[in-house]
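Here is a chain to read by its definitions. Each term has a cut-off, and each answer sets a value against it.

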Amino acid sequence: LKGMRDVPASVRRWEAMAQCLAGRAKLAQKEDPLIAAKKFVQCCQLGGLSGPIDGPILVETGAKWMWNCVLPLSTTAPNRRQIKPLLKDVIGAYVRVAKVIEEASPTGKEGGMAKWPGDGQFIVDFTLLLLDCVMEAGMWSEGLDVTNDVFSLLDSSLHKELWEARIKCQGNMGKDAAADMLRVKEYEPEMQARVWATLARARTEANRVATTKSSTDAEKKKKSVLDAYNHALDILGKQPMERAQYMLGFGQWMVNEGLGWEDAKEAFLSAADYLIEIDALSTSGLEGQALKPAYRLLSAAGQVMPANDNGTSYTHSVFGGAAQQERTDSRQSSGSGTRYAASQHPPPTAKSVRSVASRASAGSEASEVSKKKEGGRKNLKELGISHLEAVFRSFVSIMMCEQLGSGQGMNVGEGVDNTTVVSTTRGEKLDAAMAATAYALRIFEVATEAANAMTSDGDGQGEGGKKFSLPDDIEGWLEFRLDDEFFTAMEDAENDATLVTKSISSTTIPSPELTLHYCNVLANELITTLLSPIHAMPVLMLAEIIVEHII
């Protein structure tokens, strides 16, 4: 390129076109796509030197051909390492030609770098791929530089998709992101909360690998993460379905950081509470079959549960009328210094595990009590699989917090150190495990409903003319299998706007590895400690589906 700077712009233009044609020829001959990609990069670089008229067209043409080359290669880590410098060179060409446009414009940036004349959304997609490669390599400073270049290149209306990556880079570098977070305020609450949570996770990772000089410094770093989570929860104060997901992450962080399992348990309870309170089926009662499989499961479980110290059997149901243990509206942890976000939006007055699960299916009686105390439950919704999965994880997390004895801690989050927690009541641990199993069964109920809707062509074969149905008792799960037709229906449901929320898919279970981890933990406890292998069958089947059809 150094030699090309001294030749006329027309020569650089023709050379850029020649490099593009050479790259296309390499593709047609099915040669190594990286060789073709390098030709397209040279086209972009020469286009960046070809003037304000032809330059943008040449750069964008070369970039799009290069995109087609490297996108199939981006699926593996070794290939991403190879394409990273090529992607970066193309972004550099974009910035270079934008400066040429700016210099040629009599109005300066008004017609130049601040408003790219071509396909801005393509630049965003291209940049996201580059940022994935950069962040995977832990090159946070380079990622921040890339976002600076692209932000100067594009109109602010196109910055939205890049903010999470930018904040993640800043968080991992330990930089103050306050100024950028003010700019994020122009977006909707969901977007703001997502960015704050990204910052919290990035700071957590940075704190984990950093060498802390003093306990004061460590506490300061933990507080910065706590503040980020609190901001995310504050923003979603009136959106319980979204807030529940962030409360789950908040609780996991507290356990992993050793900030007190009691506070973490309350966070998990609140996460479940947010969703149960708006679950339309949780007001249906026994006759409404809100959690009918759970009742059958618990009925069978009551026959095999071991006796407690007093010789009585743990046959109480998590859905029974257990005594409620009131908690303070805004809990302040003694010693840990944690607090729930937004004093103006405290978490619901959660009860014990038994009473929280009770509201999931206690029926009309619980509903009437709720109406008397709170003036009636409003904005009830039918929960989709993503929300049921969140309740499932909430109760598994509570079960972890109820782990019996010292030295029997469990891994609450993916890729984190074990944390020891102590339980005082084995019954609550069992209650939480059974509530989690109930919601695993509820996931199957909702998915079966969607599958039947997709195949409702008059040839139903199951119960009530339905093609797919679940076992009537716990023993039935030993022989129960879902066939290929069911999973075909799930794929169809994922593409159906009215049924997508009821499909078991990557759309409704966006973090399948994490969900699989919780399935494994719950199944292990049911088999080895609490009940027997038969009671773990629905959970194990959910894990199998995640492995074979999502991961």
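This is a predicted model: local features need pLDDT of at least 70, side-chain atom pairs count only at pLDDT 80 or more; totals for chains, interfaces and linings use all residues.

Q: How many helices and strands does the chain have?
A: The chain has 20 helices and 0 strands. Both are DSSP runs, numbered from the N terminus: helices are H or I with at least four residues, strands are E with at least two.

Q: What share of the chain counts as buried?
A: Of its 551 residues, 51% count as buried. Buried means under 20% relative accessible area, exposed means over 50%, and partly exposed is in between (1.4 Å probe, protein chains only).

Q: What share of the contacts joins residues 24 or more positions apart?
A: Such pairs make up 71% of the contacts in the chain with a separation of 6 or more. A contact means heavy atoms within 4.5 Å.

Q: Why is Ser397 called buried?
A: Its relative accessible area is 0%. The limit is under 20%, so Ser397 is buried. Ser397 lies in helix 16, residues 385–401. Leaving out residues up to four places away in sequence, Ser397 touches Leu248, Phe268 and Tyr518.

Q: What makes helix 16 oblique to helix 19?
A: Their axes come within 10 Å and cross at roughly 50°, with helix 19 spanning residues 512–530. That angle makes the pair oblique. Axes are lines fitted to C-alpha atoms, for helices over the stretch in contact, and angles run from 0 to 180 degrees between N-to-C directions. Under 35 degrees counts as roughly parallel, over 145 as roughly antiparallel, 65 to 115 as roughly perpendicular, and the rest as oblique.

Q: Which residues make the contact of helix 16 with helix 19?
A: Helix 16 brings residues including Phe392, Val396, Ser397 and Met400. Helix 19 brings residues including Leu514, Tyr518, Val521 and Leu522. The residues of this contact divide into 9 nonpolar, 3 polar and 3 charged. Here Ala, Val, Leu, Ile, Met, Phe, Trp, Tyr, Cys and Pro count as nonpolar, Asp, Glu, Lys and Arg as charged, and the others, Gly among them, as polar.

Q: Why are helix 11 and helix 16 called roughly parallel?
A: Their axes come within 10 Å and cross at roughly 25°. The limit is under 35 degrees, so helix 11 and helix 16 are roughly parallel to each other. The contact includes Gln245 and Leu248 of helix 11, and Ala390 and Ser397 of helix 16. Its residues divide into 5 nonpolar, 6 polar and 1 charged.

Q: Is Pro240 buried, exposed or partly exposed, and how do you know?
A: Pro240 has 26% relative accessibility, so it counts as partly exposed. Pro240 is found in helix 11, residues 240–256. Apart from neighbours within four places in sequence, Pro240 is in contact with Tyr274, Leu275 and Ile278. Pro240 and Tyr274 are 34 residues apart in sequence, with C-alpha atoms 5.2 Å apart.

Q: How do you know that helix 7 is largely enclosed?
A: Count its buried residues: 8 of the 11 in helix 7 (residues 163–173) are buried, so the rest of the structure largely encloses it. Among them are Trp163, Ile167 and Asn172. Their cover includes helix 5, helix 6, helix 8 and helix 9. After helix 7 comes Gly174, with a positive phi near 75°.

Q: What makes Lys30 worth a look?
A: Lys30 has a positive phi of about 55° although it is not a glycine. Most residues other than glycine have a negative phi. Lys30 lies in the loop between helix 1 and helix 2.

Q: Why does Lys30 count as exposed?
A: Its relative accessible area is 76%. The mark is over 50%, so Lys30 is exposed.

Q: Why does Ala489 count as buried?
A: Ala489 has 1% relative accessibility, so it counts as buried. The place of Ala489 is in helix 18, residues 484–494. Beyond neighbours within four places in sequence, Ala489 is in contact with Ala451, Met454 and Thr455.

Technical notes: Residues are numbered from 1 along each chain as its sequence is written. Side-chain values use heavy atoms; hydrogens and water are left out.
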